[in-house]
Amino acid sequence: MKAIRRFTVRPVLPEPLRPLSDLARNLRWSWHAETRDLFASVDPECWAASGGDPIKLLGSVPPARLAELAEDHRFLRRLTGIAGDLEDYVGGPRWYQAQSGDLPAAIAYFSPEFGITAALPQYSGGLGILAGDHLKAASDLGAPLIGVGLLYRHGYFRQSLSRDGWQQEHYPVLDPNELPVVLLEEDDGAPAQVTLALPGDRQLRARIWLAQVGRVPLLLLDSDVEENDLGERGVTDRLYGGGSEHRLLQEMLLGIGGVRAVRTYCRLTGHPEPEVFHTNEGHAGFLGLERIAELCDGGLDFSAALEAVRAGTVFTTHTPVPAGIDRFDRELVARHFGPGAELPRLDADHVLRLGMETYPGGEPNLFNMAVMGLRLAQRANGVSLLHGQVSREMFAGLWPGFDPEEVPITSVTNGVHAPTWVAPEVFRLGARQIGAQRTEDALTVGASDRWDAVADIADQDIWELRRGLREQLVTEVRERLRTSWRQRGAGAAELGWTDQVLDPDVLTIGFARRVPSYKRLTLMLRDRDRLMELLLHPEHPIQIVVAGKAHPADDGGKRLVQELVRFADDPRVRHRIVFLPDYGMAMAQKLYPGCDIWLNNPLRPLEACGTSGMKAALNGCLNLSVLDGWWDEWFRPDFGWAIPTADGDATDADRRDDLEAAALYDLLEKRIAPSFYERGADGLPERWIEMVRQTLTHLGPKVLAGRMVREYVGRLYAPAAHAHRELTPAAARELAAWKARVRGAWPAVTVDHVETSATTATAELGGTLTLRVRVGLGELAPDDVEVQAVSGRVDAEDRITDATAVPLKPVGGPDLEGRWSYEGPLSLDRTGPYGYTVRILPDHHLLASGAELGLVSVPAEDVVEGAGVLLR
């Protein structure tokens, strides 16, 4: 029979065990091994059955066992020590508190998904895992973040396979009362709520759940409340589900409702108000509109409020392709803003102008969330060096007149949270070498460039570690494979073969990620006969573990999954290649450490960063990848392999896949597998062990989320906080008025004459030219602009590459024609074809970049001809 109502019965812990509840409610347990070990000792069987979830564990332990533990003095001493350690961790000073300089009092970090732990399944893939790692690293460093997201009642989805290998989706209902979250309450005990106005006098209400991620509060908004109509209750039903209006409402709730939730949390707890707002991808971009509306209520006009909001906002883009960005029809957005809807005190046209694609190549009737995110943030970044370059090219239309390299989008390469992803065995090996505290510091703060202590670990210890982790993975794979086949309808009598799947002494390759087409799940199947030969090689066999989910609406991705599953079902190779359904954090934490090679073969340059290989590297797994994302930045042949790419314009997609698959097979057959199986006199693969050592020594400190968050603090959060403080209401009004004046006057800004002291088309290295320039500024003054000489090598079409900009100084004016004269030296610091130009940019001390307004004036053609010098 089916229950007509469901509710949660909470256990009543004996008084001595009450700290267990506090430990369970703080998600630090998900990356703190001692806390997990304590919970495991409460009841090992219940711990295993709970999937390592303390909330479920405490709800299932028999009362007699709890009573026994309440009298167990050894257990209580452990409990007291670990509870005290958490108290010190949460309240004591850490890296952030030891920094000099005026850092932000608080930072609000918004993301549509957060991957903290499998016990809180609010993530779909890399974006969410990155956001979870960002919060954890911020907690370890003591950075005062407040996380903001949505609580999805069905999460993303659970994946299983049909008998013929087709992906099937399941959406189990998540009861917040059974999750590691608590309801944020008003002082009178009523649930705290935020409310959004919808067209037609409707309202969208949401409660605020609080997940404590170490020191960092994570606020999750939940629209499944009784006061909402049925449609509004379903706004937070699924991650990345529904049609356009559904997604728009989710993103309005995340952005606008999220700011209101932050204000509510700070009011109720006394937490400092954020000075910096970080938008992790465009989904939360509406947060800027709510903050503008707050300032307008305080007396600023829209333009001044926009400047004040931009100063304290950081925007991170994660996609390298326009198709990865949420875009909405103009009329749909217009209907949800203005009178009778949300933010009625803002002019809907102002709102629309922030997101419309009003640039060459854009769709003028589409509202682009990333474009709005960039227009609402003074500081923006991509998530690897290559992705920063791709982003500057992709969004260059927002800054017309500037070369892509000058578009004000920098990059902070992603990192991963080592305590979450490093196997306990790896941590213990480090602790044996340098001590537990130094190992923990190295994995969290990560302030060194190299882990030189790895050189002192014996080859035998490294090899035994790797073999042990591989053996654990083999056991895990066999269990998961049996579960999967039972779900596919197989009986126990059919599954004896699974006991022979994989071999703990065979070179093991991992490939696990979401399954959009550009990640090329099935590239390895391009030449099936050759892959079979590699899998079954008599001397150098390989084995492959594959996992991944296709989006529920992506039938093309599902076909790729089915294609790989059918190959892996072949009795000839099924002991050497497996597909594991329902890829998630729990599986990943076994998969990364247990593999010898982590494979990544996206279409370059479509992988923004690709952090799965970082997690593998922290466990001594070697990377085999296309030079894309982070691997393009940090690859060295000392510790991995680069798959050659065939990404020229003349190569069609099929031909490219053939060439790159052939290159992959060649690497595996001729270099990788022989290196793994080659043994020295002591029976150890010395070359392989050295590559593992180099991976840990050189990549270990780079790939840390601690390094990433420290970069965000120094390069983006601190400057944004400084700009936020400078933009007082008076300064914001002054800056907005200045920008309006400059934009209005800019058509009259001209470069009228350029001359140089050079008399020939050649010059000597180390020489100096004198540039003299006459410019027209119209109604502007020299204080409003910077006149620059831009010089560098030139290509065959006389385009300046590797440019250097040097300001010129005003030396006179205005003359009778209103022109100003500028002058300055041009140092010839490079040999070869060399050229220069002159340009004028707006200049104000509150701008973060000369390109911020997207205004530039360069010489007209007749002036260029008169300048008369291009050095060869």
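A cavity is a set of grid points where a 1.4 Å probe fits but cannot get out. The views below come from a predicted model.

**View 1. The second largest cavity.** About 50 Å³ of space lies in this cavity. Its lining consists of Pro112, Leu150, Tyr152, Leu239, Tyr240, Arg247, Gln250, Glu251, Leu254 and His283. Helix H9 (residues 244-269) gives the largest share of that lining, 4 residues. By type, the lining residues are 6 nonpolar, 2 polar and 2 charged.

**View 2. The largest cavity.** The structure has 7 cavities of 30 Å³ or more, and the largest has a volume of about 90 Å³. Residues that line the largest cavity include Leu161, Trp485, Arg488, Asp569, Arg574 and Phe579. Two or more lining residues come from each of helix H19 (459-487), helix H21 (555-568) and strand S19 (577-580). The largest share, 3 residues, belongs to S19. This lining holds 9 nonpolar and 3 charged residues, and no polar ones.

**View 3. A stacked pair of tyrosines.** Tyr712 and Tyr717 form one of the aromatic pairs, of which a search of the whole structure finds 20. Their ring centres are 5.8 Å apart and their planes meet at 25 degrees, so the pair counts as stacked; the cut-off for stacking is under 30 degrees. Both Tyr712 and Tyr717 are buried.

**View 4. An aromatic cluster with two arginines.** Trp463, Trp641, Phe676, Tyr677 and Trp688 are linked into a cluster by ring pairs. Arg470 lies over the face of Trp463, 5.4 Å from the ring centre. Over the face of Phe676 lies Arg679, at 6.0 Å from the ring centre.

Conventions
Residues numbered from 1 in each chain as written. Predicted model: local features only at pLDDT ≥ 70, side-chain atom pairs only at ≥ 80, totals over all residues. Heavy atoms only, no water. Phe/Tyr/Trp six-rings, centres within 6.5 Å; stacked < 30°, edge-to-face > 60°. Buried < 20%, exposed > 50% of the residue type's maximum accessible area, 1.4 Å probe, protein only. Lys NZ or Arg CZ within 6 Å of the ring centre and 35° of its normal. 1 Å grid on protein atoms, 1.4 Å probe; cavity = no way out; pocket = protein on both sides within 12 Å on 5 of 7 lines; lining within 4 Å. Points joined across faces, edges and corners; volume = space filled by probe spheres on them. Nonpolar A, V, L, I, M, F, W, Y, C, P; charged D, E, K, R; others polar.
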